[in-house]
Amino acid sequence: MSLSTKPHFQAEEDEITKQGDSYILKPRGLSIVWGNVEHHWKLPKKLSKGDSNDPAELKQVSWLEVTGSVSLTPTKTYQISFDVELTPCAFGWRDIQAFLMAKVGKRGKYKWTKVKVVQDPNVGRFTIPDKTSPPLRIEVLPASVDNMLHFGLYEVWSGKWKGGLKIHQANVTEVTSTLA
């Protein structure tokens, strides 16, 4: 890594796809702490929009922070998730508690849910949070001046090294329109 390169990867807006009031954030549409450091992460190559289905692959970090931001529609409710998998040589996930966190607006209050990363690399692709964890849903109030959703997958507290996680995409999915 040259001295002029920043260690953290900043999201590329053209890697975020809007479908109705839902969003898909491909790996290059996410901001990844230490994402530009080759011994920590392997990011998919930059191609034309939508050409790459390659995941971002975590090689090894002690600080997992993968975040995204999208502008949401007021009076709607959204659910946040990540599509991931573990490589056969994944390590450091046993007894680790990760968190999925989200807030609306820079001054919003975070909502969060504890998530487990599946220990068995033979499972293949799976969703965080899985069915054993509560879904992370966030409502955008009608009076929201700042309706930007800030969300992420975090494991920054244990100090343990972990690796072998592939992130295929993050999803922000409209689930209801119950607010008025």
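**Figure 1. Accessible surface of the protein.** The accessible surface of this predicted model comes to about 9700 Å². Carbon and sulfur atoms account for 52% of that surface. Of the 180 residues in the protein, 46% are buried.

**Figure 2. Charged side chains.** The protein carries 24 positive side chains and 19 negative ones.

**Figure 3. Strands and overall dimensions.** The secondary structure consists of 13 strands, with zero helices. Along the principal axes, the C-alpha atoms fill a box of roughly 50 × 40 × 30 Å.

**Figure 4. Contacts between residues separated in sequence.** Counted here are contacts between residues at least 6 apart in sequence. Of these contacts, 74% join residues at least 24 apart.

**Figure 5. Asn122 and its loop.** Asn122 belongs to the loop that runs between strand S9 (111-115) and strand S10 (126-128). The relative accessible area of Asn122 is 71%, so this residue counts as exposed, the cut-off being over 50%.

**Figure 6. Asn122 and Val145.** In sequence, Asn122 and Val145 are 23 residues apart. In space, the distance from the C-alpha of Asn122 to the C-alpha of Val145 is 45 Å.

Definitions and conventions:
Residues numbered from 1 in each chain as written. Predicted model: local features only at pLDDT ≥ 70, side-chain atom pairs only at ≥ 80, totals over all residues. Heavy atoms only, no water. Helix = DSSP H or I, 4+ residues; strand = E, 2+ residues; numbered from the N terminus. Buried < 20%, exposed > 50% of the residue type's maximum accessible area, 1.4 Å probe, protein only. Contact = heavy atoms within 4.5 Å. Areas by Shrake-Rupley, 256 points an atom, 1.4 Å probe, with all protein chains shown as cover. Lys, Arg positive; Asp, Glu negative; His and termini not counted. Charge placed at Lys NZ, Arg CZ, Asp CG, Glu CD.
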